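Thank you all for coming; I would like to take a few minutes to walk through side-chain contacts and one surface feature.

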Amino acid sequence: MPHSVLCCPILDGNSTAFCCVLKIETRFCRAIYLTTGIWFYWSIVLLSLFGILTAYTSLLLVLGFLLVWEGNKLYLHWCHKILVLLVTAVAVALLWVLCKLWKDKWLILGLSLKVFAPYWHLACITLMIIFSWPVSYYLVQLEGEGMSCWPDPCLTPSALALAHILHSAKQNLALQMVVGLPFIIVLLFLYVIPLGIHSPCIQDKEKLGPKPTFFGHRGAPMFGPENTMMSFEKAVEHGAHGLESDVHISYDSVPFLMHDHNLKRTTNIEEVLPSAALNRSEFFTWDFLSSLNAGRWFLKVIEPWNKPFYRMEPLSEADNEKARSQTIAKLRDLLDLAQKEKKYVIFDLVAPPPKHPHRNTYVRLVVRVILDSKIEPHLIFWLPGFDRDYVRLMAPGFQQVGRLYSLDKLSKENIRIVNVDYKELFYDGLRVYKEANITINLYIVNKPWLFSLAWCSRIHSVTTDNIKLLSEIDHPYFFMTPRYYMFIWLLIDGISAILIFSIFYFHWWKGKQRDQEYISTNIRKDTQSRGPQERKIRETLSTQPLNRVSESPWTPKALYPGLASSTSHHSSAFRLTVPPKKNKAKKQLFKQNIKPVTPAKDNIKPPEPKKQLFEPTKTPVSCATRRSTLQTALPVLKVHECKIPTNMALHPKTNPTEAPIVQSSSQESFVTADTSFRMSWMKN
């Protein structure tokens, strides 16, 4: 059979790319051990260090992206620059190595998706429900961002709310789209992705094929040393349908069972002949090969890396004794066991190296040995492709087995069985072979999920190391009918949609409550700040008399600017004055001390009657009218200033003329207006 990753002692045949990393790690540790004598997983330290550096570098890149997004300039230290470049280069190099050397390992990921896709879908929906909480919270925070940054207390609550909405919409709309739109797109994609899932494990029960049979890979290597008679007997004991092995030709023409090209791993040749430990096994005679022990290496469990399988069950004491005495087996011994137990035999025939006596005749030698064993010909699955015409001629009863050949080649050589790697299931599930009624055997299948995939794909047989575990499986794992899967799909999608909508609505409601509370707080603060001013204005208007609304341009103050005003001054917002009452003594004193201003004869104009701003009324005034009068009329009142014509000249020799005095009827009007205004204000 093709060489698998079983060369690594702690790994099984179904190793993934991660297991291959462990394989390299084990070989690296073994090399250090042979040099220093100290066993330690040094690669774990290196991987941990590189993982920490990768995480730190990723954090730097994310922070740098956010800073650039905000429009800030980056100031990166030179050591950070070197670190980012170094880690990026190493990561790209390792990724290239993975893609180049382990290209077939990516097929394992594709096969796992075929089995676990429905469950990955459910897991992704669950993650989206979990992620909806921070996403919705962040989107609502973006919507309400900037509410607390409005410093203008003069804005009304409605203007504040409107400005807040406009500000948030302009500043955060792009960021909301960046966060929210991908979330919605991914969620919708997950909702409809089951339409594109075509898993072999989703089918009707009537279409499910029979359980695949087993070929014991090198026997049962988890219960006995591989390619020994104990291993093959254990495979028969656990119900193997056939036995698989690898055949080499000794220097003296004896076919024997061995997987590796040398004897170092599975024999004690390092104790017997250390200098020949790495030589090809075909250059040894059968007498020397039969003297080597092929079982003690299997029992070395002191060091973890010596175990042939990572999860190998401990053997009983009797099995330990039997394994300790095992030797290299001949092909004839395997054929006798297969004939006795009526088991099929399939093997890889390794071509001898150059300068070997059977370099070109090894196929004919093996055919002669098989025919001499008297085994039933149909029990032989002939896999080697070299000199197949001779085999078909000498042993027509052998079942010819091909590899990944085309249908034309299989038909031409009359091959009805193929032995292919399980990764080939990724390509249409080998549908071409199944449609042509070709029997398919997969190697090497050790995991239950992979065996379930082969079962659901109607594969006929598999080659496995873990024959006991797979033989206990009575029904394929992860199997479900299309109707059941559709029910689960719609149920999960519906529940997730309700939960995600509820989470978004909850955060939106909480954000709305916060905004309303913020607006109410601002209104309360604005009211508290404006309250003392309004109370001060009300107290001033209620305590100080409102005697006049305006001042006539013909008062003594206007006509005689040098005269000290005898009127009352108020510090309120509205300056109201009352003309002094007639006093004869003061009037005489006024006439004696002040020289009158006499205008020119041509420019003297009689005073025009001034329309009163407030007329006395006794009709009832409503509260709304009084309030509107207070808020609109009063603040715009202005005192009329005296305007004297520019061509007016003073004539000191002219007889003084008394300043016109407002009649008593006008005074009564002003007092009446004053009284009615004060009564209206006090009622308010």
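I will go through salt bridges, then aromatic rings, and finally a nonpolar patch.

What you see is a predicted model, in which local features need pLDDT of at least 70 and side-chain atom pairs count only at pLDDT 80 or more, while totals for chains, interfaces and linings use all residues. Residues are numbered from 1 along each chain as its sequence is written, and side-chain values use heavy atoms, with hydrogens and water left out.

Let me start with the charged pairs. A salt bridge here is a side-chain nitrogen of Lys or Arg within 4 Å of a carboxyl oxygen of Asp or Glu, and by this rule the count comes to 17. One of them joins K234 and D319, whose closest N and O atoms are 3.3 Å apart. K234 lies in helix α6 (residues 229-237) and D319 in helix α9 (residues 317-324), so this pair ties together parts that are 85 residues apart in sequence. Helices are DSSP runs of H or I with at least four residues, strands are runs of E with at least two, and both are numbered from the N terminus. For accessibility, buried means under 20% relative accessible area, exposed means over 50%, and partly exposed is in between, with a 1.4 Å probe and protein chains only. K234, at 13%, counts as buried, and D319, at 17%, counts as buried too.

A second bridge links the side chains of E282 and R280, at 3.1 Å from N to O. E282 is buried because its relative accessibility is 0%, whereas R280 is partly exposed at 25%.

D348 is buried, with a relative accessible area of 10%, while R403, at 27%, counts as partly exposed. Salt bridges that share partners also join R218, E226, D260 and R265 into one network.

Now to the rings. Rings of Phe, Tyr and Trp (its six-membered ring) pair if their centres lie within 6.5 Å, and planes under 30 degrees apart count as stacked, over 60 as edge-to-face and the rest as tilted. The structure holds 19 such aromatic pairs. Among them is the tilted pair of F183 and F504, at 6.0 Å centre to centre and 40° between the planes. F183 lies in helix α5 (residues 157-192) and F504 in helix α17 (residues 482-543), so the pair ties together parts that are 321 residues apart in sequence. F183 is buried at 9% relative accessibility, and F504 is partly exposed at 26%. Elsewhere, F116, Y119, W449, Y477 and F478 form one aromatic cluster.

Which residues make the nonpolar surface patch? L59, V62, L63, F65, L66, W69 and V178 make it, and its area is about 670 Å². Such patches are made of residues with over 30% relative accessible area and no salt bridge, with like charges joined within 9 Å and nonpolar side chains (Val, Leu, Ile, Met, Phe, Trp, Tyr) within 5 Å. Helix α2 (residues 42-69) gives the most to the patch, with six residues. L59 has its place in helix α2 and, at 47% relative accessibility, counts as partly exposed.

Note on methods:
Accessible areas come from the Shrake-Rupley method with a 1.4 Å probe; for residues, only the protein chains shown count as cover.
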